[in-house]
Amino acid sequence: MMQAPGQLSKNATFLLMRTFLNGLLAMALVGLGVLAQEKAPPEKLVFMTKNGNVTFNHADHIKRANGDCSTCHDKLFPKSATAPLNYKPTLHKAAEMDKTSCGACHRAGGAAFESKGNCAKCHMKG
Ligand code: HEC
Ligand code: HEC
Ligand code: HEC
């Protein structure tokens with residue numbers, strides 16, 4: 001087919017549009033990736049329990065870990081405030097025995113106070 005001079009064929013226009021849209025899509029995906037990576041660490045997280053809510057001071061725990069996120073992420077907890085903690089079975093004894101979840105540190109002989117005798121250090125009754 002003959003073309004008027006200076007006019008792009010339908011095919012060429014389609015190719016240009018497709019390249020442009022692919023570019024936009026790539027930029028959007030890179031943007032999302034950056035957002036996912038830069039989710040800011042929370043100051044505090046509150047865990048609601050039937051035994052009284054527990055405030056986990058994330059910032060203070062980071063300081064005590066000398067800023068090393070890998071102390072907890074992801075081997076003890078995923079970076080998600082909605083993921084299950086898996087700390088509650090058998091009134092925390094299972095996690096303390098297995099040195100998992102909060103019980104990795106909060107246990108007899110660990111880096112922090114055990115659950116036994118210390119319920120009120122974590123659970124706030126209102
Ligand atoms: C002492 C353990 C500990 C350390 C150290 C730690 N975190 Fe966390 N973090 C947690 C816990 C616990 C949660 C909640 C996990 C859950 O609910 O299952 C969490 C959740 C998060 C979340 C998810 C927040 C949300 O709103 O979903 C982000 C982001 C995060 N941490 C970032 C960091 C960064 C960055 C560092 C290092 C500077 C860090 N954490 C160090 C224990 C820790
Ligand atoms: C990497 C070790 C570590 C992990 C994991 C950890 N803690 Fe701690 N936590 C500590 C240390 C160390 C202290 C301060 C020492 C002490 O008081 O025995 C502390 C103190 C606390 C306190 C007292 C208030 C404060 O922040 O000083 C609370 C409440 C607490 N932790 C809750 C939790 C909960 C809930 C989890 C699980 C979501 C958890 N911790 C996981 C090490 C840890
Ligand atoms: C280091 C902080 C900490 C200490 C100490 C602690 N708890 Fe907890 N407790 C928590 C957290 C955080 C949860 C939520 C755990 C989860 O979702 O897996 C929880 C959950 C519970 C639950 C489950 C409630 C529900 O909604 O299903 C019970 C019951 C409980 N704790 C009792 C106790 C008792 C009794 C003690 C003292 C012997 C104690 N806890 C000591 C932090 C603590």
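Welcome: the three strands here form an open sheet in the order 1-2-3, with antiparallel pairing. Strands of a sheet pair through backbone hydrogen bonds, either parallel or antiparallel. This is a predicted model, in which local features need pLDDT of at least 70, side-chain atom pairs count only at pLDDT 80 or more, and totals for chains, interfaces and linings use all residues. Residues are numbered from 1 along each chain as its sequence is written, while chains are lettered from A and ligands numbered from 1 in the order in which they are written.

- Strand 1 (44-47) and strand 3 (123-124) are the edge strands, each pairing on one side only.
- Strands are DSSP runs of E with at least two residues, helices are runs of H or I with at least four, and both are numbered from the N terminus.
- Two strands pair if DSSP finds at least two bridges between them.
- Strand 1 and strand 2 run antiparallel and are joined by four bridges.
- Lys44 has Asn57 in strand 2 as its bridge partner.

**Around ligand 1**
- Ligand 1 is surrounded by 20 residues, the closest being Pro41, His61, Cys69, Cys72 and Ala81.
- A residue is near a molecule or strand if its C-beta atom, placed from the backbone, lies within 6 Å of it.
- Helix 2 gives the most to this shell, with three residues.

**Around ligand 2**
- Asn57, Cys102, Cys105, Ala112 and Phe113 come nearest among the 20 residues around ligand 2.
- Strand 2 (53-57), helix 2 (58-64) and helix 4 (119-122) are the elements that give two or more residues to the shell around ligand 2.
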